[in-house]
Structure formats: C-alpha cells, structure tokens
Amino acid sequence: EAASNRIAAGEVVERPASAIKELVENALDADARRVEITIADGGKTLLRVSDDGHGIPADQLPLALARHATSKIDGTDLLAITSFGFRGEALASMGAVGRLSLRSRPAGAEAAEITVTAGRIGPVRPAALSRGTVVELRDLFAATPARLKFLRTDRAEAQAIADTVRRLALAAPDAGFTLRDVSGGGEGRVVFRADPDEGAEARVARVLGRAFVDTALRVEAERDGLRLTGFAALPTEARGAAVAQHFMVNGRPVRDRLLLGALKAAYADVLAPGRHPACVLWLDLDPVRVDVNVHPAKAEVRFREAGDVRGLVVGALRHALAGAGH
Ligand code: ADP
Ligand code: MG
C-alpha cells in the first residue's frame, strides 16, 4: 500500500506548487474566507496552508488521509462537479511523499490532529486550534532523493508557488490570501496578500497590475446559459506572457486549448504575429455541461457544446475590440 501510494503520488504532487494548489483548493472547497500559506526553502522543507473553513470532524481525520476517500461527491453526481476536489487523492499522496500533519476544528467541536509519515498514519490526538484547518507538509521528497533532485532551485519553486497562489486568488476573488516565505526563520516575508471581498476588479489589479485593469477591455456576454465576464488587454497592450492568460471555468483555473484558441482567433486580425493578449476571463455554465474529470491535474476541461463556447468567447472578445475601435 505504501509503495503504490508513492508511485501514484507523482501524479498529484510533482513539486511544491502542485501540493500548494491541492491544499488551497481544499481550503476553498471548505468555504474558507481566509487562506494563509506559509513556505520555506521553495516549499521543500515546509508547506503550510491554514484556513477558516468548515473543518474536519475528529473521527473523519483518518478518512481524509485515505486514498480515494472524498467527502465531496457521493459517486452519483460525477457529471456535475462543483468542488475543486473529487478524487480523494491529494492528502493521501502527500502523506506518502513527506511528513504530513492535519489539524482541524469544525464549529462547535474540539480540535484534533493526525500525522502521517512515509505512508504510516498515526492516531488521532487532541490539538490546539481556534477554528478551521491547518495542513502542514514537511520535507517533501526527503525520502526519495531521486525526486528531490528533480526539483528546481528554491527560488524557482517559490516562484512557481507564488504563480499558483495568484492564479487561485483570481479564481476565488471573494477569498482572502496571504503567502508568506519564512525561509531563514522569524516572521518571514509576505510575498502576496489579497483581502477578502475586495471585488473582481481590485483582485485583477492586484494580480495583473493596476495598469492592466485601467486599459483593459471589459468583456461581458451571456447566451444560452453560458456567461462570460472579465478583462482582456487592448491589442496595443498585448504581451507575450502566456502566464497572463487566465481562464476560470466555474471558478476553476484552467489551461484549456479551446479557450486559448478562441482568444487567439478573436485577436487574429488586430495583433502582430507572435503576440498574445493578456486576459482574465470567467466562464460560468451549468456544471453538467463541462467535464472537469479529464486529467488528474484538472487543468483541462471538456465542454459538451464546444462550438457554442468558442462562439461565445470569440464573439464577446470581437465585440469588445470593435467597441474600442479595433
Ligand atoms: P478531495 O479534495 O479530492 O476530496 P483530498 O485528498 O484533497 O481529496 O482531501 C480529502 C478529504 O479531506 C476531503 O474530501 C475533505 O473532506 C477533507 N479536507 C481536506 N482538506 C480540508 C480542509 N482544508 N477543510 C476541510 N476539509 C478538508
Ligand atoms: Mg482536494
């Protein structure tokens, strides 16, 4: 069991940033209003995510660490996934590749803690915590030097974590985020902070810069139950940074070929070759119309009516460009 955990773990946790993604998504799935992320040494020695979400009852802690155990779907509604998580793999995988501790306190209950080291799950113990959940992953891949060697420099891994947190901060503009780097000890350094309920525009400005929001085209379209809102750069503002193209489908950050293709098509006549526009676009639709169950990393989605989605995105962007005189 421990060996198979270690092998499968590669899919969900291949570097510190992928662990952070899973942990923050869990916090958001628990309806957290504030998410605090602490890292040290590029996340290699310490990754900690604290939230004020609904927590995990003490008797459910061992289940939370079990492979393929999820509290989020009951097995009948796989076609309409609204949570980030649904595979029940992330915590089990992390327990197999580092020292994991899970501390939680649901409203009206006592706090409890469970730890897992190299796949061995310890007993549930009383703990001290005022509310929510704290997940700590220490010494990622310390027991698998080959995989540790595969990681990049602390600086590069910390950068990847910051990018991941910024992407999730865009996906969940109502939640508050703090990313702190405590390498070298002490209070550390705040790398990113975003207040809860600051609104979509302020959140986009925080992540992509005020200049982007001030010059960007507003995108707003709705058709046949598909809703698209957000910001797209003016052609003159277009930059090459692929990282600045943010698509959220039902609040989930995605890297989707169809959406990237639609963006490219909409700008085809107004951008110099090789240039790409920055954008932040939220697409919302009935969850039964999109399959998020395509890849474990969950960045890919499959739309049931791909042509309609492409049409809406291209149409909305062309409309916004035309309104700006392009
Ligand atoms: P999944 O998210 O796919 O369900 P995970 O391994 O990420 O699987 O988490 C397992 C379970 O642990 C979740 O289904 C949830 O019940 C619980 N859990 C994990 N993190 C949190 C959290 N921050 N707050 C509340 N519950 C959590
Ligand atoms: Mg999860």
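Predicted model: local features only at pLDDT ≥ 70, side-chain atom pairs only at ≥ 80, totals over all residues.
The domain assignment of the protein chain gives two parts, domain 1 covering residues 2–194 and domain 2 covering residues 200–323. The C-alpha centres of domain 1 and domain 2 lie 28 Å apart, and the contact between these domains takes 19 residues from domain 1 and 18 residues from domain 2. On the side of domain 1 that touches domain 2, helix 1 (2–12) and helix 6 (154–171) each supply at least two residues, and helix 6 gives the most, with seven residues. Sorted by class, that side of domain 1 has 13 nonpolar residues, one polar residue and five charged residues.

The next feature to find is ligand 1, which is surrounded by 22 residues, the closest being Ala30, Ala64, Thr70, Ser71 and Gly85. Divided by class, the shell around ligand 1 holds eight nonpolar, nine polar and five charged residues. Helix 2 (16–29) and helix 4 (90–97) each supply at least two residues of this shell.

Most residues other than glycine have a negative phi. Aspartate 31 has its positive phi although it is not a glycine. With 11 C-beta neighbours inside 10 Å, aspartate 31 counts as exposed, because the cut-off for an exposed residue is 12 or fewer.

A second residue with a positive phi is phenylalanine 141, where the angle is about 65° although this residue, too, is not a glycine. Phenylalanine 141 is found in the loop between strand 7 (132–138) and helix 5 (145–150). Whereas aspartate 31 counts as exposed, phenylalanine 141 is buried, because 20 other C-beta atoms lie within 10 Å, and a residue is called buried at 20 or more.

The walk then moves on to strand 14, which comprises residues 279–284, and five of these six residues are buried, so strand 14 is largely enclosed by the rest of the structure. Strand 14 pairs with strand 11 (residues 226–232) in the antiparallel sense over six bridges, and within this pairing alanine 232 stands opposite cysteine 279 of strand 14. Strand 12 (residues 245–249), by contrast, runs parallel to strand 14, and five bridges join them; here the bridge partner of valine 249 is leucine 283 in strand 14.

Leaving aside neighbours within four places in sequence, tryptophan 282 is in contact with Thr229, Gly230 and Met248. Tryptophan 282 and threonine 229 are 53 residues apart in sequence, and yet their C-alpha atoms are 5.4 Å apart in space.

Key: Residues numbered from 1 in each chain as written. Chains lettered and ligands numbered in written order. Near = placed C-beta within 6 Å. Helix = DSSP H or I, 4+ residues; strand = E, 2+ residues; numbered from the N terminus. Nonpolar A, V, L, I, M, F, W, Y, C, P; charged D, E, K, R; others polar. Pairing = 2+ DSSP bridges. Domains from an automatic or database assignment. Contact = placed C-beta atoms within 7 Å.
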